[in-house]
Structure formats: C-alpha cells, structure tokens
Amino acid sequence: MSEFDYDNDAIEGAGAGGGHRSPMAYRFRGFLPVVVDVETGGFNAATDALLEIAATPILMDDDGQVYPDQTSFFRVEPFEGANIEPAALEFTGIKLDHPLRMAVSESHALTEIFKHVRKAVKSAGCKRAVLVGHNAFFDLGFLNAAVERNDIKRNPFHPFSCFDTATLGGLAYGQTVLAKACAAADIEFDGREAHSARYDTEKTAELFCTIVNRWREMGGWPPV
C-alpha cells in the first residue's frame, strides 16, 4: 500500500462521521497543494547553496474554486561550504552582500515555512502537503536536501510526489516556460521580477489555480 493510498483511506474515514470538511480535503486525496520556488547557487541540491525560498499554500472555497493563500518568503544564508556558481548569481540577480538582503539560516527559513504549511494543511482538513512547482523536481530536490542537512524531523511535504506546472502548462496551453504559460493563461507576468522566489512562487500559484479551476469548469472534476 502506498502512502497516497494510506492517507486517502484516512481522509475517507475521517469524513465518514465528522462534521463539515473543506472541499480541499477531498480534491487531491487528502493532500494540500503548496507552491514552492527556490533560487539557488547552482543545479546540484547536495552541494549548491539555497539562497531564497518561498511557499504559497493553495486553498479552496465552498464552491470548489482554488486560490492562493499568503506567501512565506525568506532570503537564505548559504550553508557552510556551499558552492555558489557566479553564473547562477548573474541569472537570478541575487547580491549576497546587499545590505538589505537580511538573510536567515536554512533552519530558520524552513521552520517558519513549515509552520505556515502545517497550519494550512490542518485548516483544510488535509493530511499532508504536496509540492507544486515549475519543474518541480528541482525545487523538491533542494527542499529535501535542506531538510536532511538541517536534520528537520517534521517535514509536512510528501518526500517524492509533486505537481509540475511545466507539465500542466504544456497540457493546457502548449507552453512549458512559466512566462509563456502565464501569457497564454492571461496572467500578467513581469520579466523584470522573474527569478525572485517570491514572484515566481506567486505566479506559479496563479497558473496552477487557473488550470485547476478551468479543468473543473470543463467538467473534469465534479463538485463536492
């Protein structure tokens, strides 16, 4: 039995005799989508620095429409011995020595984000979070590496399953680049703000919600 099967049984059992539950508790088999974006010092999650991280839980109203919650965002101090490629800093525009960067440790950033995520999971009546990302394997890899590096025991995210808006954007709009998928979905996207973890997380959340809501309007998921 997989973890998804186990948690789905738990959700169904909990709903059988309980009171009102959020529709989100049933939409993704008891998993709450949480959009995550990271900005890093390279492509290797084991050796390269985590420099920014943002997370936006996805909520659902009583009509079954999903929408983004508030975003948690932190600039992160590179862990001791971390590799940082100059090309990565040039690409993201991150200035490590900027006096207003106000970075925090990986442990602090993850602890605060996980508090936000666990609160959203509990409020929605879900059992666990599932990461949503644009090329989600990248964000999940860096998240899992930081969790292991800091010996964090209570990780609210599923360790390997994720939802990828690059795939969903390709399906819905024929576009796999975030900016182009947003344009196709009539979502405003400012290229000057791109490659900030906060901005990319919020735009990815908008894209995810647009696709999920449109799918429901087309009859792809029945109302609760």
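Student: In which helix is Arg27 found?

Tutor: Helices (H or I, at least four residues) and strands (E, at least two) are DSSP runs, numbered from the N terminus. Arg27 is found in helix H2, which covers residues 24-27. This is a predicted model, in which local features need pLDDT of at least 70 and side-chain atom pairs count only at pLDDT 80 or more, while totals for chains, interfaces and linings use all residues. Residues are numbered from 1 along each chain as its sequence is written, and side-chain values use heavy atoms, with hydrogens and water left out.

Student: How many helices and strands does the protein have?

Tutor: The protein has eight helices and six strands. Read along the sequence, they follow the pattern α-α-β-β-β-β-α-α-β-α-β-α-α-α.

Student: Is Arg27 buried or exposed?

Tutor: A residue is buried under 20% relative accessible area, exposed over 50%, and partly exposed in between (1.4 Å probe, protein chains only). Arg27 has a relative accessible area of 15%, so Arg27 is buried. For the protein as a whole, 49% of the 224 residues count as buried.

Student: Which residues is Arg27 in contact with, leaving aside its neighbours within four places in sequence?

Tutor: Contact means heavy atoms within 4.5 Å. With those neighbours left aside, Arg27 is in contact with Met60, Val212, Trp215 and Trp221. A separate matter is the distance between C-alpha atoms: those of Arg27 and Gly174 are separated by 25 Å, and the two residues are 147 residues apart along the chain. For the whole protein, 69% of the contacts with a separation of 6 or more are between residues 24 or more positions apart.

Student: Where is Lys203, and what does the side chain of Lys203 reach?

Tutor: A polar contact is a pair of N or O atoms within 3.5 Å; within protein, one must be able to donate a hydrogen and the other to accept it, and residues adjacent in sequence count only if both atoms are side-chain atoms. Lys203 is in helix H8, and its side chain reaches the backbone oxygen of Glu188 at 2.7 Å. Lys203 counts as buried because its relative accessibility is 10%. Not counting residues up to four places away in sequence, Lys203 touches Cys182, Ile187, Glu188 and Phe189.

Student: Which residues is Asn213 in contact with, again leaving aside neighbours within four places in sequence?

Tutor: Asn213 is also found in helix H8. Its contacts, with those neighbours left aside, are Gly64, Gln65 and Val66. A relative accessible area of 11% makes Asn213 buried.

Student: Where is Asn155 found?

Tutor: Asn155 is found in the loop between helix H5 (136-149) and strand S6 (157-164). A polar atom of the Asn155 side chain lies 3.0 Å from the backbone nitrogen of Phe157. Apart from neighbours within four places in sequence, Asn155 is in contact with Phe114, Arg128, Asn144 and Val147.

Student: In which strand is Asp37 found, and what does Asp37 touch?

Tutor: Asp37 is found in strand S1, residues 31-40. With a relative accessible area of 10%, Asp37 is buried.

Student: What is the value of phi in Asn135 and in His195?

Tutor: Phi is near 60° in Asn135, a positive value in a residue other than glycine. Phi of His195 is near 70°, again a positive value in a residue other than glycine. Asn135 is found in the loop between strand S5 (128-133) and H5, and counts as partly exposed at 36% relative accessibility. His195 is in the loop between helix H7 (178-184) and helix H8 (197-217), and counts as partly exposed at 29%.

Student: Why does the radius of gyration of the protein agree with that of a compact globule?

Tutor: The radius of gyration is taken over C-alpha atoms, and the globule rule is 2.2 Å times the number of residues to the power 0.38. With 224 residues, a compact globule would have a value near 17 Å, and the protein has 18 Å, which agrees. Along its principal axes the C-alpha trace spans about 55 × 40 × 30 Å.
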